[in-house]
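Thanks, everyone, for making the time this morning.

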Amino acid sequence: MAPVATPFFFYMLSGIMLIGGILVITRKNPVHSALALITVLLAQAAIYLMLYAPFVAGVQIILYAGGIMVLFLFVIMLVNIDRAAKERTFNSQWLVGSVAAIALGGLFVAVYIKGNNIFPEHALSVIENDNTQKVATMLYGQYMFAFEIASLLLLVAIIGAVVMAKKRI
Amino acid sequence: MGHDLMGQIVQYIQSYLSSDQTPGAAGNMFWVLVYILAVFVGLSIAVIAMNWLERKILAHMQVRLGPMRVGPHGLLQPIADAIKLLLKEDIIPAEADVAIFWMAPFMVVLAAFTVFIVVPFGPTHAVTDMNIGILFMLGVSSLSVLGIVMAGWASNSHYPLIGALRSSAQMVSYEVAMGLAVVSAIVMTSLNASGTGTLSMIGIVQAQQEQGVWFIFKFFPLGLIAFFIFAVAMVAETNRAPFDLAEAESELTAGFHTEYSGFRWSLFFLAEYSAMIAVSSIAVTLWLGGWLRPFPNLLNGSTWDLIFSLFAGVTFLFFAAMCFFNAVRMPKHPFFRIQTIGLAGFGVVLGLIGLVMLVPAVRIRVQDIFWFSAKVAAFMYLYIWYRGTFPRYRFDQLMQMGWKVLLPMGLGVLILTATAGLWPLIQHSIWHP
């Protein structure tokens, strides 16, 4: 199906992401921050959908919004928030933060000015219908080795987490 | 000019009718809206019916009568309940986090209803067919955990918090076993000439049609074991008995929705039942052949096609006959006159629906939806049956079941299914290296 009102949805979703991102760092209550982050992740999944990458969008929803963020909330809920909110921030790094923000902003401006030479003129004509199949053949064909290495790394991390969490094995 | 516009609109509406795609895939907004409305209304009716059926069936299992007063055999009880819930005072606890307390029920309802846009009631009877269908269903339904956690935390009370913690721990851990069972069914879809599988809900059913076997019977008993894992995990996912620790009345009052009342509570109720229907539809789509009728290979030919297409109408006529039978059996006292008339009227409505469904033009279009709904209804009955018979699990037993029984079983089944699917290839490379 042909895309409908693409600019509108793009600006709406990026607006949601920006507002959500600002809320994540300005809210005092960590639960509110976490919920704002979930909104950002969901809007990001929708942008993936707009970019004809439904598989990435689905994985984003399952892993980030449904999995990781639930565990985040799970931990935050067990912490005594009232006491945590009263504590003063001890690692204020506004100097490093502003330098990083200026560098990133500069990068964006540079991309905006020089973008015409970097990015292709036309949008790629990607077929949405076999997106998942394409991802699968790439992961298990061309990039098999990298994929297996990544899964091995994750396995090491899982075993490490179990060893650290369990007192007696 | 006005006439021209009308003509265009009519043409736009008609242009879909000859299509063999879902309205979403054909890109016809009018029919998309019609389908969404139809699914929404059908789902709400199904939830209302489930409410009545659950109380009735549970009551009969425990040798009680269940609701008998409001309407004949308590048929109007769900409507009375709904009115009561809507009129109730809406209480928000003083110390609650109001914004999140507001959002939580909507989050749960959204997650439970959104998944239905990819549920295939027939080859063209779905709102849309997504390339990532099953992934979308699992992902969006996993968002309901968020709503539950939000509800439990925002209530700022102990029972809801513990209920939400239990429920989220349970849902996150059973999702793993569920995912593995689903993957082993998806692996089966790739056993065709091209060798690529599909995640699309319609594609999965079509793969079963092509291979001529429901995936529950494929590579016997592997498909059956995967189905069993899913059937257990889906009960845990929806927080129903015997895994309903999250709302264990004897321990936690009502779990995460203890502080909710009135309309907000009814949203949780609606979401719970539609989530049950959603996971049942996943099970039906993946293992029980979705909209396909039973025995398409064994009992084929036009005669059998005709007989099986009559089932939908005959079922409704059977219910109508039950209504008339019970209307005759009603006590002859004047006090029961209205109830008798009401029951007979309900029977007439059911009978008319049944007769309409026997008309050939309707029959052919409705039979897919009928078989899909009938299979889902069997699952809904199982849910009630579980609730009536199984005692509740303890939390450590629940976790043990999920992580130490279902997860290894799921991994084993996945490996064996993949091996069985590749077996011709393996054999070939052994004998002809």
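**Contacts between chains and between domains**

Let me begin with the interface of chain A and chain B, where 3 residue pairs are found in polar contact, both residues of each pair being at pLDDT 80 or more; please keep in mind throughout that this is a predicted model. On the side of chain A that touches chain B, the elements giving two or more residues are helix H2 (30–50), helix H3 (54–78) and helix H6 (131–142) of chain A, and H3(A) gives the most, with 14 residues. Sorted by class, that side of chain A has 18 nonpolar, 8 polar and 2 charged residues.

As for the extent of this contact, 28 residues come from chain A and 29 residues from chain B, and the two chains bury about 2300 Å² between them, with 79% of it on carbon and sulfur atoms. The count of salt bridges between chain A and chain B is 0.

Turning to chain B by itself, the domain assignment gives domain 1 (1–16 + 23–75), domain 2 (88–292 + 364–431) and domain 3 (309–358). How far apart do the C-alpha centres of domain 2 and domain 3 of chain B lie? They lie 34 Å apart, and 4 residues of domain 2 of chain B are in contact with 5 residues of domain 3 of chain B. The area buried between these two domains of chain B is about 400 Å², with carbon and sulfur atoms giving 86% of it, and across their interface the rule finds 0 salt bridges.

Conventions
Residues numbered from 1 in each chain as written. Chains lettered and ligands numbered in written order. Predicted model: local features only at pLDDT ≥ 70, side-chain atom pairs only at ≥ 80, totals over all residues. Heavy atoms only, no water. Contact = heavy atoms within 4.5 Å. Buried area = accessible area lost by both parts, 1.4 Å probe. Salt bridge = Lys/Arg side-chain N within 4 Å of Asp/Glu carboxyl O. Polar contact = N/O pair within 3.5 Å; in protein donor to acceptor, adjacent residues only side chain to side chain. Helix = DSSP H or I, 4+ residues; strand = E, 2+ residues; numbered from the N terminus. Nonpolar A, V, L, I, M, F, W, Y, C, P; charged D, E, K, R; others polar. Domains from an automatic or database assignment.
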